[in-house]
Amino acid sequence: MELETKAIHEGWKPGNGEPRQLPIYESTTFKYDSSEEMGMLFDLEKDGYFYSRLQNPTNDAVAAKLTSMEGGYAGMLTSSGQAANFFAIFNICEAGGHVVASGNIYGGSYNLLSVTMKKMGVDVTFINQDASVEEINAAFKENTKCMFGETLSNPTMEVLDIEKFASIAHAHGVPLIVDNTFATPANCQPIKWGADIVTHSTTKYLDGHASGVGGAIIDSGHFDWMSHAEKFPGLTTPDDSYHGITYAKRFGKAAYITKATAQLMRDLGSIPSPFNSYLLNIGIESLPARMRVHCENALKVATYLKNHPKVAWIHYPGLEDDKYHEAAKKYMPHGTCGVMCFGLKGDKKEAVTFMDHLQLINIVTHVADAKTCILHPASHTHRQMTDEQLKEAGVDPTLIRLSIGLENPEDLIKDIEEALKY
């Protein structure tokens with residue numbers, strides 16, 4: 001099936017007389033006739049549901065849909081994009097481990113790695129994703145467990161060279177994890193370019209309407225954990241909490257997601273509500289059609305901003321003279337997304353004055369939904385970062401992140417034009 005068809009039909013396949021739309025299994029528990037059967041579920045000897053903290057039919061149906069759309073082998077949903085990135089990394093990188101990550105990532109992900117996971121004994125080296133292969137290779141250590149980047153960096157809109165990153169990661173015997181939130185599987189499938197694990201904040205374009213927070217992890221099933229057994233003992237040695245199961249041996253290609261579900265979700269509990277997953281499924285059905293409009297509208301607005309005398313600079317890979325335009329054509333030939341960033345001539349004051357005079361466009365801590373929204377990262381999402389960290393992340397203090405929605409672009413341009421008069 002093509003992507004548009006997968007977005008509608010994958011995941012939930014109703015039988016004769018069953019609901020056509022994915023049902024909401026709003027239940028904490030599931031009944032069984034015998035204690036033995038329940039015990040087999042707890043021992044991972046049988047597939048099925050027994051407690052929604054681990055798995056739920058509504059959640060699993062949506063995870064299966066996303067897995068198909070990304071070209072993966074197995075997937076799971078989480079309660080947020082932050083939880084997805086944490087689970088994806090912590091599933092293979094525990095205390096004493098090390099991560100190589102692009103420094104141009106979302107501020108929350110940067111803090112997760114540099115602050116919270118550091119407290120847990122996980123070290124990180126941030127690199128310039130445009131650095132040479134030799135420079136990036138130098139960041140790897142004996143205890144490096146994975147490499148992490150974003151398809152389109154938030155908020156700087158830099159395109160990750162997925163093939164290059166995958167080649168480097170694999171040369172060091174570790175998987176590449178790619179956050180594909182902005183591009184979505186409608187515009188890019190990182191697994192096709194060598195990524196091993198894909199994450200999402202489903203809160204954004206996948207949901208599409210700012211109605212529910214959520215996350216997802218998709219595993220390609222391609223990485224051979226047993227070939228690098230000494231690096232990944234959590235997957236390649238017995239788990240005492242499950243009677244000595246060795247995930248890579250017992251579950252093969254499903255090992256990574258099985259461990260993340262059976263162990264991390266069991267102990268940390270970042271499960272989405274089935275109702276949020278139901279809303280997410282509705283959003284995904286229109287994703288390919290919505291992304292086309294987001295991209296068309298964004299290109300019109302970006303072209304207008306590029307030619308405005310008060311705009312000092314703009315980054316949008318859809319523009320032909322953008323630094324990442326050729327990379328975007330390679331990895332995202334049908335368009336990137338609706339997000340761009342730009343700076344006004346002047347300093348922070350000009351950015352704030354402009355934003356405060358917008359009438360149609362909303363100032364919100366969100367991005368990538370049906371309504372156009374705007375944010376000043378240095379004052380909002382990245383405000384915990386020092387000037388040095390902001391510089392490392394490529395976030396200019398004047399940077400404004402603009403997420404173009406599904407409105408008529410002429411109305412958006414009029415709103416921007418009026419606000420720029422002040």
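Helices H4 and H5 are oblique to each other, a class that covers angles left over once those under 35 degrees (roughly parallel), over 145 (roughly antiparallel) and 65 to 115 (roughly perpendicular) are set aside. The model is predicted, so local features are reported at pLDDT of at least 70 and side-chain atom pairs at pLDDT 80 or more, whereas totals for chains, interfaces and linings use all residues. Residues are numbered from 1 along each chain as its sequence is written, and side-chain values use heavy atoms, without hydrogens and water.

H4 spans residues 81–90 and H5 residues 107–119; helices (H or I, at least four residues) and strands (E, at least two) are DSSP runs numbered from the N terminus. The two axes come within 10 Å and cross at roughly 50 degrees. Axes are lines fitted to C-alpha atoms, for helices over the stretch in contact, with angles from 0 to 180 degrees between N-to-C directions. The crossing of H4 and H5 is right-handed, that is, the near helix is turned clockwise from the far one by less than a right angle. On the H4 side, Gln 82, Asn 85, Phe 86, Ile 89 and Phe 90 take part in the contact (heavy atoms within 4.5 Å). Their partners in H5 are Gly 108, Ser 109, Leu 112, Leu 113 and Met 117. By class, this contact holds 6 nonpolar, 4 polar and no charged residues; Ala, Val, Leu, Ile, Met, Phe, Trp, Tyr, Cys and Pro count as nonpolar, Asp, Glu, Lys and Arg as charged, and the others, Gly among them, as polar.

The whole structure contains 11 salt bridges, each defined as a side-chain nitrogen of Lys or Arg within 4 Å of a carboxyl oxygen of Asp or Glu. One of them joins Arg 292 to Glu 4, with 3.5 Å between the closest N and O atoms. Because Arg 292 lies in helix H13 (residues 287–306) and Glu 4 in helix H1 (residues 3–9), the pair ties together parts 288 residues apart in sequence. Arg 292 is partly exposed at 43% relative accessibility, and Glu 4 is partly exposed at 38% (buried is under 20%, exposed over 50%, partly exposed in between; 1.4 Å probe, protein chains only).

A salt bridge also forms between Asp 130 and Lys 323, at 3.5 Å from N to O. Asp 130 sits in the loop between strand E3 (123–127) and helix H6 (133–137), and Lys 323 in the loop between strand E8 (311–315) and helix H14 (325–331), 193 residues apart. Asp 130 is partly exposed at 35%, while Lys 323 is exposed at 66%.
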